[in-house]
Structures are given as structure tokens and as C-alpha cells.
Amino acid sequence: MNALIRLFWRLSLFRKGPEDMPYAPPLLVILLVAWLIMQGLSANLQTSLPAGQLIAVQWISLLLVTAVTTVALAFKGLLTRWVQTMMALLGLDLLLSLVALPLLIVNMAAAQPIPIIDGLYFMLVSWQLAVQSFIYHRSLDVSPLLGLALAFSLLILTYMTLAAFMPEVLNR
């Protein structure tokens with residue numbers, strides 16, 4: 001387990017890539033379950049939405065990441081990299097969510113949001129976007145700028161989808 005955490009940490013520092021992830025579909029399933037639990041916990045700390053909506057938001061997000069990643073890898077003829085790419089994306093998100101958890105707890109305990117905590121959280125989200133772009137860059141054998149464009153487009157697509165189907169989620 002420590003080796004896996006170190007691998008994701010090194011990925012988050014751009015020292016490892018998705019190609020360094022083991023090809024282990026059962027581990028991908030474990031990461032997926034851990035990701036869903038962590039996302040549910042994080043979302044619960046950030047909003048007062050009902051559990052059904054929180055679950056729907058997580059599944060929409062997961063579906064979009066999976067679909068975009070699969071289509072992009074298929075388009076490039078690199079579907080054999082799917083397991084490692086998804087492990088890298090989920091593991092990165094899981095690791096940064098763990099780092100963000102204390103920030104969310106402090107903000108939740110405060111009477112009103114603390115600007116410095118919000119700023120730190122924004123920095124973590126920005127860092128995640130940068131590492132996701134690195135993952136796409138390495139997985140798809142595209143330029144770093146194209147990897148960033150894909151990661152940023154995926155973020156925008158997720159927000160647009162949520163705005164279209166669940167606007168109350170973005171208003172809270």
C-alpha cells in the first residue's frame with residue numbers, strides 16, 4: 001500500500017507517469033470504490049445536498065472522465081493504456097482529495113468560509129488540473145498543451161453537464 005501511495009505522490013510531482021502504473025484491473029476496482037467513498041465524503045463536507053444528488057454528481061463525473069478518456073485513447077489507437085490511465089486519474093484524485101480533506105473539515109467547522117482555506121483549496125484543484133493534463137499528455141502521446149486542453153475541456157464539460165441536468169448542485 002505504501003508503494004502505491006508513493007507512486008501516486010510521485011505522479012502528483014510529475015516524477016512518474018501513467019505508464020508507471022501497474023496493469024492491475026482488480027486494483028483499479030479497489031481505487032474506484034475508494035474514489036467513490038472519498039468523493040462522497042468530500043462532497044458531503046462541501047454541500048448540504050441530499051445523498052441521492054451527491055451520488056448522481058459523482059457518477060456523472062466518473063462517466064464523463066471514463067468516456068472522454070476511452071474515446072481519446074481509442075482515437076489514438078492506445079486503448080491498451082486504459083487501465084493505467086484510469087488508475088493514474090483516480091489515484092491522483094484520491095490522493096489530492098485526502099490532502100484537501102483537512103481543509104474541507106476546517107471550512108465546514110467555521111461559521112463562514114475562510115478565504116485562505118478557499119485559496120488553498122483552489123490551488124489544489126489547479127494542481128490537480130495540471131497533473132491530469134500531464135497524465136493525458138503521457139497517455140495519449142500528445143503535447144503538454146493538448147493534454148491541458150483535454151483536462152480543462154473535461155472540467156468545463158463536467159460543469160456544463162451538471163448545469164444542464166442538475167443546476168441546483170451548482171447553486172449551493
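I count a helix as a DSSP run of H or I with at least four residues, and a strand as a run of E with at least two, numbering them from the N terminus.

**Ground rules**

This is a predicted model, so I only take local features at pLDDT of at least 70 and side-chain atom pairs at pLDDT 80 or more, while totals for chains, interfaces and linings use all residues. Residues are numbered from 1 along each chain as its sequence is written, and side-chain values use heavy atoms, with hydrogens and water left out.

**Entry 1: S12**

I started with S12, which sits in helix 1. Is S12 buried or exposed? I call a residue buried under 20% relative accessible area, exposed over 50%, and partly exposed in between (1.4 Å probe, protein chains only). S12 comes out at 2%, so it is buried.

Next I looked at what S12 touches, where contact means heavy atoms within 4.5 Å. Setting aside neighbours within four places in sequence, I found L92, L95, W127 and V131 in contact with S12. I also looked at the side chain of S12: one of its polar atoms lies 2.6 Å from the backbone oxygen of W9. For a polar contact I want a pair of N or O atoms within 3.5 Å; within protein, one must be able to donate a hydrogen and the other to accept it, and residues adjacent in sequence count only if both atoms are side-chain atoms.

**Entry 2: aromatic rings**

My rule: rings of Phe, Tyr and Trp (its six-membered ring) pair if their centres lie within 6.5 Å; planes under 30 degrees apart are stacked, over 60 edge-to-face, and the rest tilted. How many aromatic pairs does the whole structure hold? My search gave two.

One is F14 with W127: the ring centres are 5.3 Å apart and the planes stand at 65°, so I log this pair as edge-to-face. F14 is in the loop between helix 1 (2-12) and helix 2 (25-46), while W127 is in helix 5 (residues 115-140), and the two are 113 residues apart. F14 is partly exposed at 33% relative accessible area. W127 is partly exposed too, at 36%.

The other is F14 with F134, with centres 5.2 Å apart and planes at 90°, so this pair is edge-to-face. F134 lies in helix 5 and F14 in that loop between helix 1 and helix 2, so the pair ties together parts 120 residues apart in sequence. F134 is buried, with a relative accessible area of 12%. I note F14, W127 and F134 down as one aromatic cluster.

**Entry 3: salt bridges**

Here I look for a side-chain nitrogen of Lys or Arg within 4 Å of a carboxyl oxygen of Asp or Glu. The structure has two salt bridges.

R138 and E19 make one of them, at 2.3 Å from N to O. R138 is partly exposed at 31%, and E19 is partly exposed at 45%.

R81 and D141 make the other, with their closest N and O atoms 3.2 Å apart. R81 lies in the loop between helix 3 and helix 4 (82-109) and D141 in the loop between helix 5 and helix 6 (144-165), 60 residues apart. I get 29% for R81, which is partly exposed, and 48% for D141, which is partly exposed.

**Entry 4: helix 6**

Helix 6 has 22 residues and reaches 32 Å from first C-alpha to last, close to the 32 Å expected. That expected span is 1.5 Å times one less than the number of residues.

Which residues of helix 6 are buried? I listed G147, A151, L154, T158, T161 and L162. Seen down the axis, they fall within an arc of 95°, so they line one face of helix 6; the arc is that of the directions from the helix axis to the C-beta atoms. An α-helix has 3.6 residues a turn, so residues three or four places apart point the same way. On the face turned away from the buried side I found the exposed residues L145, M160 and A164. The cover over the buried residues of helix 6 includes helix 3, helix 5 and helix 7 (167-171).

I then checked S61 in helix 3. S61 is buried at 17%, and it touches W35 and T158, not counting residues up to four places away in sequence.
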